[in-house]
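Subject: Handing over a two-chain model

Dear colleague,

My notes come after it.

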Amino acid sequence: MYFNSQNIFKIGASNLLFFSLLCLTSCTEETEIQTYYIPPEYEGPVVAWKLPPNWGENPELSGPMAGSFHVKTNSGPQGRIGVMPFREAVSTLSITNMFGMELGYEKFKEDTLSQVLTTKKVGQKKFEWIHLTERDSPSDPKTALLAVLRQKDETWLFPFVANAALIDQEMNSFISFLDSTTVRAGKKVIRAPRPISAAPIDKPTGAPTWDAPDHWITGKASSVRIASYTVSDEDGNELDFSITSFPGDVGGLQSNVNRWLTQIELPKIESLESTPYLTSYSIDEKDAHLFLAENTEKTIYGALLFGKSRSWFFKIMGDTSLAKVEKENFLNLLTTVCFHDH
Amino acid sequence: MNNQSKKKKSAYTVGARRKAFPWMVPFASVRLTLTLLSLSMILIFVATLEQVRIGIRGAQAEYFESFYGIWYYPEQFWGGSFLSVVPLPIPGGYLLGGLLIINLIAAFVTRFQWSGKKIGIQIIHLGIILLLIGQMTTQAIQVESRMQINKGESSDYIERFHGVELAFTDVTDANRSKVVSIPEELLKPGSTLRVPGFPFKVRVKAFGPNCSFDFKESAAQRSKITMDVNRGIGASANLSLSPREEDYSNDAANFGYLVFQLVNGSEELGTWLAVAHPAGNDRWKFVHTKLEGMAFQPLRHEGRLWGVELRSIREYLPYSIELLKIENEFYQGTDIPHNFESHVNLNLESGQKRKALVYMNTPLRHGGKTFYQYQMNKAADYTVFQVIRNPSWLVPYIACILLSVGLLWQFSFHLINFLRKQSKVSA
């Protein structure tokens, strides 16, 4: 008989030994790359796209909530395309005016909006399609093509700002780009950079973005005065806010402080030491100076930032009583300034 | 008695078994047993001393979960100034335990008499063998993890106390996310990993189990290890880091780090730094706002959004646990905890819910895992379970039953014999 009790015992004992040795040597963790699917747990906004081959991504736009692109041309990057999320439903009129005033339009009203507004279906998505062309510039005018997507309570703005010829040339790419996008707001706060209105294509290199209070009215910008807003109250008092930028340090800190003091008729300072108008400050983690000076009628609140190659000045000036009311808004604006360089 | 039954009986005699297994005879030595037990005592003594220096987890890994450990005589002891430089090899738990099992089995086979008179002793030894095997199996395959749940929320994954993985998560689809995870064993500096289901190759530049870090003003001021980092949070926060030894102490907080490059075909897309927070990457926001994004560093490719993070090794479960309520009690007038309680809903795979109460020494068992009450933060409204997966958890219970039966048998046998003799004497 093959399976007599002695054989069974031998096999059993040997197996027991083998098992105990196996336990000592073979019990290790799996070390393989694993791929699996889970229910969605990411709570941030989802913004994804497929970039046309001749487009490039503007570097270091931090966070997953927006994108910024350009068109690659023989003469370098041209135009600016963006993805702008808004948590709330922003009106088409507001968006149109935001860009329209930059391009020399009068303020649009509900009844005049239809002049520039159509709708366009791209794939499964339906966009509000706003076409604005710069006034008073007959040859190859600057153009803002704004595609607005509404999803539940979210508003997604895709602005394409460039010269008219470039927009015509890249129209198919822009449409295929819009078709490829997946946008979904998450539970987390969306920190949208300011749209192109605050970042026109002829801005100085490395210009920042910021968030201005809703009640500030956008004014005309230029290559030096890159942002302009006015604030007024019921009594007719007014404040002017500007962001200006110049190459170099334009005379340095003391010279610029004295320039501002002169504008509100205060005596110049002899030295920077122990001046009551300046305090150290930080804008987007960069060393800056906060300037606060006022007389009974006029006030200037400002911030001066001297970069490696350019200087940046953030200034609100005007009626002292209104300036006191808007001081907090001004300081809040400074905290939203982002240079997108780190 | 006929010849057949005589032959059968002879197969079970000690002599016959020694003949059948001659190679087992040397292993059955009582001297070997005593030597191994003495060495076990030394091992326990040394590991207890070392526990002060390297913590329970460190002592366990160095001395019990290994074949040997190197011990340095403490400087504080007599002659320590001379002897502390000499490395002393100490036999480890696997070696002593393994040899003890072999010794006991060999003794069982070649030395013990298999008779009704001695069956109690045999059962006792069988129990000891089972206890040893159970312990070694537990050490080798038991996995300890943690599950943290915020009040009112549920969790469907557990994270290991030790070890990290690099995880890429595609969050583009609204209904489900795709996860590609690479265990730390594969993250060897210099290696290039082709990852199935992920569009890029991962080139590992530096990896370590622990580090310290700080922010620098510029990229040029960063440490050598993060100098090349040009994408993600490492670049935007100008992080500089210094590698550190893994901390095995009880309150260890190891920040695993990885510097890696992503390669698309032959194009280098950039170099990222990922650091794992020991309490979960959602804690980064409490460390510094600049580091909040460490939990999800975005990558976009072909219309897909991926997030990358280095995190504690994660295991997803087919069920989830929802935290309903937490309660903690302290001894009156002290801060010493008396009881921690977590009221939970176990959301089963079938869609059914089961209410459970988890408190000290009363765990929740489900799906081969045991959830023990581990930590609790009433102020922050979260609880932490220690989660143990130990397929051999029943073995010690069976071993103890065998030991009890063996002892009962042996004592009863001797008691009955004693009583019989007494009654004969009195008659």
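This is a predicted model: local features need pLDDT of at least 70, side-chain atom pairs count only at pLDDT 80 or more; totals for chains, interfaces and linings use all residues.

Residues are numbered from 1 along each chain as its sequence is written, and chains are lettered from A and ligands numbered from 1 in the order in which they are written.

Chain A

Chain A has six helices and 17 strands, where helices (H or I, at least four residues) and strands (E, at least two) are DSSP runs, numbered from the N terminus. Of the 342 residues in chain A, 31% are buried, a word that applies if 20 or more other C-beta atoms, placed from the backbone, lie within 10 Å of the residue's own. If we take the contacts in chain A between residues at least 6 apart in sequence, 51% of them join residues at least 24 apart; two residues are in contact if their C-beta atoms, placed from the backbone, lie within 7 Å.

Chain A holds an open sheet of seven strands, in the order β3-β4-β5-β9-β8-β7-β6, with antiparallel pairing; two strands pair if DSSP finds at least two bridges between them. The edges are taken by β3 (55–57) and β6 (117–122) of chain A, each of which has a single partner strand, so one side of each is left without a neighbour in the sheet. Neighbouring strands of this sheet are turned by 25° against each other on average, direction ignored. Within it, β5 (residues 76–86) of chain A runs antiparallel to β9(A) and is joined to it by five bridges, and A:Pro85 has A:Trp156 in β9(A) as its bridge partner.

Which strands does α2(A) lie across? They are β6, β7, β8 and β9 of chain A, and the helix runs at about 160° to β8(A); such angles run from 0 to 180 degrees between N-to-C directions, and axes are lines fitted to C-alpha atoms, for helices over the stretch in contact. In α2 (residues 92–100) of chain A, the buried residues include A:Ile95, A:Met98 and A:Phe99, and the buried residues of this helix pack against β7 (125–133), β8 (142–151), β9 (154–163) and β11 (217–218) of chain A. Helix α4 (residues 171–180) of chain A lies across β3, β6, β7, β8 and β9 of chain A, and runs at about 65° to β6(A).

Elsewhere in chain A, β14 (residues 278–283) and β15 (residues 286–294) pair in the antiparallel sense over six bridges, with A:Ser282 standing opposite A:Asp287 in β15(A). Their hairpin has two residues between the strands, and A:Asp284 takes a positive phi near 50° there.

Chain B

Chain B has nine helices and 18 strands, and buried residues make up 29% of its 427 residues.

Helices α3 (residues 30–64) and α5 of chain B pack at an angle of about 150°, with their axes 9 Å apart. That makes α3(B) roughly antiparallel to α5(B), a label given to angles over 145 degrees. The residues of the contact of α3(B) with α5(B) divide into nine nonpolar, four polar and no charged; here Ala, Val, Leu, Ile, Met, Phe, Trp, Tyr, Cys and Pro count as nonpolar, Asp, Glu, Lys and Arg as charged, and the others, Gly among them, as polar.

In the second pair, α6(B) and α9 (residues 395–426) of chain B pack at an angle of about 165°, with their axes 7 Å apart. That makes α6(B) roughly antiparallel to α9(B).

Where the chains meet

How many residues does each chain give to the contact? Chain B gives 43 residues and chain A gives 34 residues. On the side of chain B that touches chain A, the elements that give two or more residues are α5 (93–110), α6 (119–141), β5 (177–183), β12 (297–301) and β13 (304–330) of chain B. β5(B) gives the most to that side, with seven residues, and the residues of the side divide into 24 nonpolar, 13 polar and six charged. Strand β1 (residues 34–38) of chain A runs antiparallel to β5(B) and is joined to it by five bridges, and the bridge partner of A:Gln34 in β5(B) is B:Ser181.

With best wishes

Technical notes. Angles under 35 degrees count as roughly parallel, over 145 as roughly antiparallel, 65 to 115 as roughly perpendicular and the rest as oblique. A residue is buried if 20 or more other C-beta atoms lie within 10 Å of its own, exposed if 12 or fewer, and partly exposed in between; C-beta atoms are placed from the backbone.
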